[in-house]
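Reader: I am new to this structure. Please pick a single part and take me through it closely, along with what surrounds it.

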Amino acid sequence: MREGLLELFQETHRELRPAVPIPELKIEFFAFANVNNTIRLRQGRLLVRLSDLLEGAPEAVLRAIAHILLAKMYRRPIDRGHAARYRKYLASHEIVRKTHLVRQMRGRKHLLSARGHFYDLDSIFEDLNTRFFHGLMARPHMSWSKSKTRRILGHYDPAHNAIIISRVFDHVAMPRYVLEYIVYHEMLHLKHPVKLRGSRRCVHSAEFQAEEKLFPRVAEANAFLKRL
Ligand SMILES: [Zn+2]
(Lines give C-alpha, C1' and ligand atoms only; values in the text may rest on other atoms or scores of the structure.)
Protein backbone atom coordinates (compact mmCIF):
# COMPACT_ATOMS: atom_id res chain seq x y z
CA MET A 1 0.00 0.00 0.00
CA ARG A 2 1.05 3.53 -0.75
CA GLU A 3 2.99 5.12 2.07
CA GLY A 4 1.21 7.80 4.05
CA LEU A 5 -2.24 6.84 2.82
CA LEU A 6 -3.29 5.36 6.14
CA GLU A 7 -2.12 8.49 7.99
CA LEU A 8 -4.02 10.61 5.52
CA PHE A 9 -7.25 8.75 6.26
CA GLN A 10 -6.56 8.96 10.00
CA GLU A 11 -6.00 12.73 9.79
CA THR A 12 -9.20 13.17 7.83
CA HIS A 13 -11.06 11.07 10.37
CA ARG A 14 -9.72 13.28 13.16
CA GLU A 15 -10.88 16.39 11.29
CA LEU A 16 -14.40 15.05 10.83
CA ARG A 17 -14.83 13.41 14.23
CA PRO A 18 -12.28 14.88 16.65
CA ALA A 19 -13.93 13.42 19.76
CA VAL A 20 -14.12 9.85 18.49
CA PRO A 21 -11.25 7.36 18.57
CA ILE A 22 -10.12 6.36 15.08
CA PRO A 23 -11.21 2.84 14.22
CA GLU A 24 -8.82 0.35 12.73
CA LEU A 25 -8.48 1.13 9.02
CA LYS A 26 -7.82 -1.18 6.12
CA ILE A 27 -7.20 0.37 2.71
CA GLU A 28 -6.99 -1.63 -0.50
CA PHE A 29 -6.59 -0.77 -4.15
CA PHE A 30 -8.63 -2.70 -6.68
CA ALA A 31 -7.34 -3.35 -10.14
CA PHE A 32 -10.72 -3.37 -11.81
CA ALA A 33 -12.19 -0.51 -13.75
CA ASN A 34 -15.63 -1.30 -12.38
CA VAL A 35 -14.63 -1.14 -8.73
CA ASN A 36 -15.69 2.12 -7.26
CA ASN A 37 -14.32 3.82 -4.21
CA THR A 38 -16.17 2.39 -1.25
CA ILE A 39 -16.09 2.53 2.52
CA ARG A 40 -17.68 0.15 5.01
CA LEU A 41 -17.73 -0.23 8.75
CA ARG A 42 -17.46 -3.90 9.70
CA GLN A 43 -17.10 -4.99 13.31
CA GLY A 44 -15.55 -1.71 14.31
CA ARG A 45 -13.14 -1.75 11.39
CA LEU A 46 -13.23 0.68 8.48
CA LEU A 47 -12.65 -1.00 5.14
CA VAL A 48 -11.73 1.31 2.29
CA ARG A 49 -11.50 0.17 -1.31
CA LEU A 50 -10.04 2.52 -3.86
CA SER A 51 -9.96 2.14 -7.61
CA ASP A 52 -6.40 1.53 -8.81
CA LEU A 53 -6.90 4.54 -11.06
CA LEU A 54 -6.22 6.56 -7.92
CA GLU A 55 -2.98 4.80 -7.16
CA GLY A 56 -0.77 7.45 -8.67
CA ALA A 57 -2.95 10.36 -7.63
CA PRO A 58 -1.39 13.40 -5.91
CA GLU A 59 -1.81 13.73 -2.14
CA ALA A 60 -4.44 16.50 -2.46
CA VAL A 61 -6.64 14.16 -4.52
CA LEU A 62 -6.23 11.29 -2.05
CA ARG A 63 -7.05 13.69 0.76
CA ALA A 64 -10.16 14.72 -1.17
CA ILE A 65 -11.32 11.13 -1.63
CA ALA A 66 -10.61 10.36 2.05
CA HIS A 67 -12.78 13.33 2.98
CA ILE A 68 -15.58 12.39 0.57
CA LEU A 69 -15.71 8.76 1.73
CA LEU A 70 -15.53 9.53 5.46
CA ALA A 71 -18.01 12.41 5.20
CA LYS A 72 -20.42 10.10 3.38
CA MET A 73 -19.90 7.40 5.97
CA TYR A 74 -20.67 9.78 8.84
CA ARG A 75 -23.35 11.71 6.92
CA ARG A 76 -21.45 14.98 7.10
CA PRO A 77 -21.63 17.62 4.36
CA ILE A 78 -19.00 17.18 1.68
CA ASP A 79 -16.62 20.08 1.38
CA ARG A 80 -16.99 21.75 -2.04
CA GLY A 81 -13.25 22.22 -2.49
CA HIS A 82 -12.58 18.52 -1.99
CA ALA A 83 -15.46 17.53 -4.26
CA ALA A 84 -14.18 19.84 -7.02
CA ARG A 85 -10.59 18.60 -6.66
CA TYR A 86 -11.68 14.99 -7.01
CA ARG A 87 -13.91 15.68 -10.02
CA LYS A 88 -11.15 17.62 -11.75
CA TYR A 89 -8.71 14.78 -11.26
CA LEU A 90 -11.18 12.24 -12.66
CA ALA A 91 -11.84 14.43 -15.70
CA SER A 92 -8.14 14.85 -16.41
CA HIS A 93 -7.60 11.10 -16.10
CA GLU A 94 -10.41 10.20 -18.43
CA ILE A 95 -7.92 9.14 -21.10
CA VAL A 96 -6.07 6.86 -18.70
CA ARG A 97 -9.37 5.34 -17.69
CA LYS A 98 -10.37 4.74 -21.29
CA THR A 99 -7.06 3.04 -22.07
CA HIS A 100 -7.63 0.86 -19.06
CA LEU A 101 -11.07 -0.04 -20.32
CA VAL A 102 -9.83 -0.72 -23.84
CA ARG A 103 -7.25 -3.11 -22.43
CA GLN A 104 -10.01 -4.81 -20.50
CA MET A 105 -12.32 -5.10 -23.49
CA ARG A 106 -9.68 -6.38 -25.92
CA GLY A 107 -10.49 -9.80 -27.27
CA ARG A 108 -13.89 -9.76 -25.64
CA LYS A 109 -17.32 -9.51 -27.08
CA HIS A 110 -18.05 -6.71 -29.44
CA LEU A 111 -19.89 -3.83 -27.84
CA LEU A 112 -21.78 -1.15 -29.61
CA SER A 113 -21.61 2.56 -29.05
CA ALA A 114 -22.88 4.73 -26.17
CA ARG A 115 -23.95 7.36 -28.65
CA GLY A 116 -27.45 6.91 -30.00
CA HIS A 117 -29.53 9.01 -32.34
CA PHE A 118 -31.13 10.99 -29.51
CA TYR A 119 -29.37 10.14 -26.31
CA ASP A 120 -25.75 9.68 -25.33
CA LEU A 121 -25.50 7.04 -22.59
CA ASP A 122 -22.10 8.28 -21.37
CA SER A 123 -23.50 11.70 -20.59
CA ILE A 124 -26.65 10.21 -19.01
CA PHE A 125 -24.37 8.11 -16.79
CA GLU A 126 -22.18 11.05 -15.76
CA ASP A 127 -25.19 13.20 -15.01
CA LEU A 128 -26.71 10.52 -12.75
CA ASN A 129 -23.29 9.89 -11.21
CA THR A 130 -23.11 13.53 -10.12
CA ARG A 131 -26.72 13.72 -8.96
CA PHE A 132 -26.95 10.48 -7.02
CA PHE A 133 -23.48 9.04 -6.40
CA HIS A 134 -21.31 12.06 -5.55
CA GLY A 135 -19.54 11.47 -8.87
CA LEU A 136 -17.82 8.48 -7.27
CA MET A 137 -18.84 5.76 -9.68
CA ALA A 138 -16.32 4.66 -12.28
CA ARG A 139 -18.10 4.59 -15.60
CA PRO A 140 -18.41 1.14 -17.18
CA HIS A 141 -18.69 0.64 -20.92
CA MET A 142 -22.08 2.11 -21.85
CA SER A 143 -23.79 0.70 -24.88
CA TRP A 144 -27.10 0.63 -26.73
CA SER A 145 -28.39 -2.86 -27.54
CA LYS A 146 -28.24 -4.10 -31.09
CA SER A 147 -32.01 -4.48 -31.42
CA LYS A 148 -35.01 -2.60 -30.02
CA THR A 149 -35.79 -5.24 -27.44
CA ARG A 150 -38.70 -4.79 -25.01
CA ARG A 151 -37.93 -8.03 -23.22
CA ILE A 152 -34.71 -6.81 -21.60
CA LEU A 153 -34.78 -3.08 -21.02
CA GLY A 154 -31.30 -2.92 -19.61
CA HIS A 155 -28.68 -5.06 -17.98
CA TYR A 156 -25.34 -4.83 -16.28
CA ASP A 157 -22.77 -7.33 -17.46
CA PRO A 158 -20.06 -7.64 -14.79
CA ALA A 159 -17.84 -9.87 -16.93
CA HIS A 160 -17.44 -7.10 -19.48
CA ASN A 161 -18.06 -4.25 -17.08
CA ALA A 162 -20.75 -2.99 -19.39
CA ILE A 163 -24.22 -1.52 -19.09
CA ILE A 164 -26.39 -2.33 -22.09
CA ILE A 165 -29.62 -0.39 -22.60
CA SER A 166 -32.36 -1.40 -25.01
CA ARG A 167 -32.45 0.74 -28.11
CA VAL A 168 -36.20 1.33 -27.62
CA PHE A 169 -35.17 4.17 -25.30
CA ASP A 170 -33.16 5.95 -27.97
CA HIS A 171 -36.20 7.65 -29.40
CA VAL A 172 -37.33 11.25 -29.81
CA ALA A 173 -40.59 10.50 -27.97
CA MET A 174 -38.84 8.87 -25.03
CA PRO A 175 -38.83 11.09 -21.93
CA ARG A 176 -35.32 11.52 -20.60
CA TYR A 177 -36.32 10.65 -17.02
CA VAL A 178 -37.57 7.20 -18.14
CA LEU A 179 -34.22 6.41 -19.75
CA GLU A 180 -32.48 7.85 -16.68
CA TYR A 181 -34.49 5.55 -14.46
CA ILE A 182 -33.37 2.48 -16.47
CA VAL A 183 -29.72 3.58 -16.35
CA TYR A 184 -30.03 4.43 -12.63
CA HIS A 185 -31.32 0.90 -11.96
CA GLU A 186 -28.32 -0.62 -13.76
CA MET A 187 -25.97 1.70 -11.86
CA LEU A 188 -27.39 0.30 -8.64
CA HIS A 189 -26.37 -3.17 -9.86
CA LEU A 190 -22.84 -1.84 -10.11
CA LYS A 191 -23.07 -0.43 -6.61
CA HIS A 192 -24.72 -3.51 -5.05
CA PRO A 193 -23.03 -6.59 -6.46
CA VAL A 194 -25.08 -9.80 -6.47
CA LYS A 195 -24.88 -11.54 -3.11
CA LEU A 196 -25.16 -15.23 -2.51
CA ARG A 197 -27.76 -16.07 0.12
CA GLY A 198 -27.47 -19.79 0.61
CA SER A 199 -27.83 -21.06 -2.90
CA ARG A 200 -30.12 -18.23 -3.97
CA ARG A 201 -28.76 -15.28 -5.88
CA CYS A 202 -30.15 -12.09 -4.40
CA VAL A 203 -30.21 -9.69 -7.31
CA HIS A 204 -32.30 -6.88 -5.87
CA SER A 205 -31.41 -6.74 -2.19
CA ALA A 206 -33.35 -4.68 0.34
CA GLU A 207 -30.68 -1.95 0.17
CA PHE A 208 -30.92 -1.99 -3.61
CA GLN A 209 -34.69 -1.56 -3.52
CA ALA A 210 -34.54 1.17 -0.90
CA GLU A 211 -32.04 3.11 -2.99
CA GLU A 212 -34.05 2.61 -6.16
CA LYS A 213 -36.98 4.38 -4.50
CA LEU A 214 -34.82 7.49 -4.15
CA PHE A 215 -35.19 8.15 -7.87
CA PRO A 216 -37.44 11.23 -7.97
CA ARG A 217 -39.99 10.09 -10.58
CA VAL A 218 -39.96 6.37 -9.94
CA ALA A 219 -43.76 5.90 -9.97
CA GLU A 220 -44.18 7.95 -13.12
CA ALA A 221 -41.33 6.08 -14.84
CA ASN A 222 -42.82 2.69 -13.92
CA ALA A 223 -46.23 3.77 -15.20
CA PHE A 224 -44.63 4.80 -18.48
CA LEU A 225 -42.76 1.49 -18.76
CA LYS A 226 -45.98 -0.48 -18.29
CA ARG A 227 -47.39 1.12 -21.42
CA LEU A 228 -44.21 0.53 -23.42
ZN1 LIG B 1 -32.13 -5.31 -11.92
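**A helix and its neighbours**

Author: His185 is buried, with a relative accessibility of 15%. Here buried means under 20% relative accessible area, exposed means over 50%, and partly exposed lies in between (1.4 Å probe, protein chains only). This is a predicted model, in which local features need pLDDT of at least 70 and side-chain atom pairs count only at pLDDT 80 or more, while totals for chains, interfaces and linings use all residues. Residues are numbered from 1 along each chain as its sequence is written, and side-chain values use heavy atoms, with hydrogens and water left out.

Start with the metal. The zinc ion has three protein donors named here: His185 (NE2), His189 (NE2) and His204 (NE2), which lie 2.0 to 2.1 Å from it. Donors are N, O and S atoms within 2.8 Å of the metal (3.2 Å for Na, K and Ca); water is not among the atoms, so sites may look incomplete. Along the chain, the donors follow the spacing H-x3-H-x14-H. His185 sits in helix α6, and His204 sits in the loop between β8 (200-202) and α7 (206-212). These two are 19 residues apart, and the pair links distant parts of the chain. Helices (H or I, at least four residues) and strands (E, at least two) are DSSP runs, numbered from the N terminus. Is His204 buried, exposed or partly exposed? His204 is partly exposed, at 36% relative accessible area.

Now the rings. The structure holds five aromatic pairs. In one of them, the rings of Phe132 and Tyr184 have centres 4.9 Å apart and planes at 55°, so the pair is tilted. Rings of Phe, Tyr and Trp (its six-membered ring) pair if their centres lie within 6.5 Å; planes under 30 degrees apart count as stacked, over 60 as edge-to-face and the rest as tilted. Phe132 belongs to helix α5 (residues 121-132) and Tyr184 to helix α6 (residues 176-191), so this pair ties together parts 52 residues apart in sequence. Phe132 is partly exposed at 23% relative accessible area. Tyr184 is buried, at 1%.

Tyr184 has another ring partner, Phe133. Their ring centres are 5.8 Å apart and their planes stand at 35°, so this pair is tilted. Phe133 lies in the loop between α5 and β4 (141-144), so its pairing with Tyr184 in α6 ties together parts 51 residues apart in sequence. Phe133 is buried, with a relative accessible area of 5%. One aromatic cluster takes in Phe132, Phe133, Tyr181, Tyr184 and Phe215.

Next, the packing of α6. Two packed helices are described by the angle between their axes and the distance between the axes. Helix α8 (residues 218-226) packs against α6 at an angle of about 100°, with the axes 9 Å apart. Axes are lines fitted to C-alpha atoms, for helices over the stretch in contact, and angles run from 0 to 180 degrees between N-to-C directions. The two helices, α6 and α8, are therefore roughly perpendicular. Angles of 65 to 115 degrees count as roughly perpendicular, under 35 as roughly parallel, over 145 as roughly antiparallel and the rest as oblique. Which residues meet there? From α6 come Tyr177, Val178, Tyr181 and Ile182; from α8 come Val218, Glu220, Ala221, Asn222, Phe224 and Leu225. Contact means heavy atoms within 4.5 Å.

Tyr177 also has a charge over its ring: the charged end of Arg217, 3.8 Å from the ring centre. A charge sits over a ring if NZ of Lys or CZ of Arg is within 6 Å of the ring centre and within 35 degrees of the ring normal. Elsewhere, the charged end of Arg17 sits over the ring of Tyr74, 4.4 Å from its centre.

Back to α5, for one more residue. Thr130 lies in this helix and is partly exposed at 47%. Its C-alpha is 9.4 Å from that of Arg87, and Thr130 and Arg87 are 43 residues apart in sequence.

Finally, the whole chain. The secondary structure comes to eight helices and eight strands. Of the 228 residues in the chain, 45% are buried. Among contacts between residues at least 6 apart in sequence, 57% join residues at least 24 apart.
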